[in-house]
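Biologist: Could you take me through how aromatic rings and the charges above them are read in a model?

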Amino acid sequence: MYQLLGIETNASTQEIQRAIARQELYKTLSPEAINKCKAYLLNAENRQRYDLKLFSEHPELVHHQTNAHLNENKQQSNTVFKKGFFIGFSVATLLGGSIWGAQYLYDQYRAKTILESIEEQKTVFSTSIEQAYLPSSEVKPGSLRRQIFSLMQEQESIQKDLVLNLPAAEGVQYDFSSLVLSVYLNGNGLPSSLKGYKMEYFPSYENQTLTWKCVSNLSDEIRPKNCLRQIQPMTKEKILKNIFEAELNQLKQQSSQPDLAKPLDTSTGNNFIPPITNECTKFQEKLKQKQFDVFAAGAYSGQSSEYQIDSSGHQAHWMDVSVMHNKPVVLILGAYEPSIWRIKWEPNTVIVGVVLTGYHDQKILGLPKSVPVLTTTSQKNECGANYVSSENAGAVNQLSKSILKQDIKSLVLAKNGQALIGNITAQTPLTMSSDTTLEQIIDKNMPLAGRKGIEQAVQKGLLRPALPADLKQWQKAYDQAHNVHRPPIVGEERPQNGSYLLRGGDSAYVILKPMTIPAGLYGAHSVEFLLPKGIQKPSGNLGHSTIYDLSNGQCYGPHPKCLRQ
């Protein structure tokens, strides 16, 4: 079981839990095998019985375990324990020989040592982030937001390649998700002042420089001075809101400073500065002299579609918005994922304008062409950008005041890609325009998304379902590349397929011609691509899918044993 999880026989409970979590994430072991590992290795009595049987059958493992453990930990552990104990015992003896005092001071010393180690690893983490994942430190409009979105895109790689390799004290676990480096203090070997608590480091900007601020629920007596007291967990939405506000302040500061590079024309006395015209001012001009209420609607994403509308490698999402209001309306519609907004309205409702915003591209259906539409996203940003959420409500309202010069009357959060603005019921009559069609907004050069894209590739002769012979060919290539001698196994129910990296089944396909991988191949929609010798490696976003190269036994994808594409 230790070999299946890729850990040593003397692994701690935390290391076993982490290994099992990785196997569950990448689905490299069957559910039955994972359940057995949990039952035998995470229960102290079961693990002891399992180890006795294992070591009796393989006595060489006992010698290996003992030597490895001693060589790695003896010197460091003895130094820490002796130093901490003697400091505590000496001081306690001076105070009256209290053993309890010695234990208390020893725990305080250990807690301080562990917190110093965490701070050191945070410094390693932040330095590595700056050097490996944020190569550009140039400060210009939009650069702060681009750095944060870069971290979001590289999140899985940061966790796998950086965070999981940070040395952790016993009982300490590091995890990077939702832009937050979390430090969990849950191990049995921790001092009582640390056990059960948590520290979080999140990105922030001070003087246009990326820093990692600390918050924690540790007590005031032990919490580091540079770490704020945590009241609520830090979320990705809060971080993005802070970043948008920091960038807005940056733009305000720049706009308030005189342009020294272009002095006024004092020779003629002409100090006239012509107005700047862009998509934002053009949209404002179309709404001039009009009275309207502003409503916002959206979410991070909606219902997955089978289409792509941009080159992001993300599948587009459906967003359905229905509107009823007794005054003219301007809509602010925002999502993070690329989205297709389908607009319907009650016949007496008048929509005078729409602002589409978010991170990826946004498209709209259902509106007459006479209604002006402003698209301002992080990819095409002239007026600011954000997506609609409860955490971003203030930033979205600021966007409304910047473009429309008024506050939002109401912000509606879309649920499952649906947003109702006004008192709409199932009996409310709704209408929509057919001026713009779906064929006009989807990217015809890109394949369909998700499993529809896989089916389309099979129909076009770009893919074919993998056969058992293909799986054996991968196993042979894998064994040759890794110098594995695999003797015949009697009684094996699961097919041998290259150290179980390849699952096979109805999710495995052989690439026949150059192709672009469909977007949206995440989670249950992920597939396995076998790449024969002489076939060009496909382009596109792999998602959670994997490419197995039959020519060299290498794989490309999210699995820890595979190379990044």
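Modeller: Please keep in mind that this is a predicted model.

Biologist: Is Phe176 buried or exposed, and at what relative accessibility?

Modeller: Buried means under 20% relative accessible area, so Phe176, at 2% relative accessibility, counts as buried. Phe125, at 0% relative accessibility, therefore counts as buried too.

Biologist: How many aromatic pairs does the structure hold?

Modeller: There are 11 aromatic pairs in the structure. One of them joins Phe125 and Phe176, whose rings are 5.6 Å apart centre to centre with 55° between the planes, a tilted arrangement. Because Phe125 belongs to helix H6 (residues 99-133) and Phe176 to strand S1 (residues 172-177), this pair ties together parts that are 51 residues apart in sequence.

Biologist: Which arrangement do Tyr336 and Tyr359 form?

Modeller: Planes under 30 degrees apart count as stacked, and Tyr336 and Tyr359 form a stacked pair, with 5° between the planes and 5.0 Å centre to centre. Tyr336 lies in the loop between strands S9 (329-335) and S10 (339-345), while Tyr359 lies in the loop between strands S11 (351-358) and S12 (362-365), so the pair ties together parts that are 23 residues apart in sequence. Both tyrosines, Tyr336 and Tyr359, are buried, and together with Tyr300 and Tyr387 they form one aromatic cluster.

Biologist: Where does the charged end of Arg342 sit?

Modeller: The charged end of Arg342 is placed over the ring of Trp318, 3.9 Å from the ring's centre. Likewise, Lys537 lies over the face of Tyr556, at 4.0 Å from the ring centre.

Note on methods
Residues numbered from 1 in each chain as written. Predicted model: local features only at pLDDT ≥ 70, side-chain atom pairs only at ≥ 80, totals over all residues. Heavy atoms only, no water. Phe/Tyr/Trp six-rings, centres within 6.5 Å; stacked < 30°, edge-to-face > 60°. Helix = DSSP H or I, 4+ residues; strand = E, 2+ residues; numbered from the N terminus. Buried < 20%, exposed > 50% of the residue type's maximum accessible area, 1.4 Å probe, protein only. Lys NZ or Arg CZ within 6 Å of the ring centre and 35° of its normal.
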